[in-house]
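Visitor: Could you walk me through this chain before I set anything up?

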Amino acid sequence: MKLSKQQQKYVSAVLEHAPTLGLDLNKVNYSRAELRQVSMSFKGKKWIPNWITHDLSRRVDRGMFSIPEIHEQYLATGPTQSEDDTTVDEPVMVSDDMGAHVVSDDMVGASPQI
């Protein structure tokens, strides 16, 4: 579906504000609570646009709305590495009461040798 300029502004606002709000952009369905957070950040009001809430084809369940345009644009812009990915470029110094130890990437996830 082709979005109007106002609809595109809201989708862009979701993409812009999602990282600071902790919203997952790798999905299609959004809850009313998630969209209200975006609306508060974007316009300072909790109201979700009518093109989402009043379109029955977008209603997935009570308080859940399908907005595939967000996911499509998220994938088109190339998702960045999420904060959950723990890629360590340099060894990390770990200390405990036994002394200091260096942990590198190739050691993470290795099973202990007993």
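Predicted model: local features only at pLDDT ≥ 70, side-chain atom pairs only at ≥ 80, totals over all residues.

Visitor: What pattern does the chain follow along the sequence?
Guide: Read along the sequence, the pattern is α-β-α-α-β-β-α-β-β, which comes to 4 helices and 5 strands (DSSP runs numbered from the N terminus, with H or I over at least four residues for helices and E over at least two for strands).

Visitor: And how much of the chain is buried?
Guide: Of the 114 residues, 28% count as buried, meaning under 20% relative accessible area with a 1.4 Å probe and protein chains only, where exposed is over 50% and partly exposed lies in between.

Visitor: Which residues touch the most other members of the largest nonpolar core?
Guide: Among its 19 residues, these are Y10, L25, L35, W51, I52, I67 and I70; a nonpolar core here is a set of buried Ala, Val, Leu, Ile, Met, Phe, Trp, Tyr and Cys residues joined through side-chain atoms within 4.5 Å. At least two residues each come from α1, α2, α3 (50-53) and α4 (68-76), and α1 gives the most, with 6 residues.

Visitor: What is W51 in contact with?
Guide: Leaving aside neighbours within four places in sequence, W51 is in contact with L3, Q7, Y10, V11, R58 and I67, where contact means heavy atoms within 4.5 Å.

Visitor: Switching topic, is S31 buried or exposed?
Guide: S31, found in strand β1 (residues 29-31), is buried because its relative accessible area is 17%. Beyond its neighbours within four places in sequence, S31 is in contact with G63 and M64.

Visitor: Which residues line the second largest pocket?
Guide: The lining consists of Q6, K9, Y10, S39, F42, K43, K45, W47, P49 and W51, and the elements giving two or more residues to that lining are α1 (5-21) and α2 (32-43). A pocket is an open set of points on a 1 Å grid over the protein atoms alone, where a 1.4 Å probe fits, with protein on both sides within 12 Å along at least five of seven lines, and lining residues have an atom within 4 Å of a point.

Visitor: How much space lies in that second largest pocket?
Guide: About 180 Å³, taken as the space filled by probe spheres set on the points.

Key:
Residues numbered from 1 in each chain as written. Heavy atoms only, no water.
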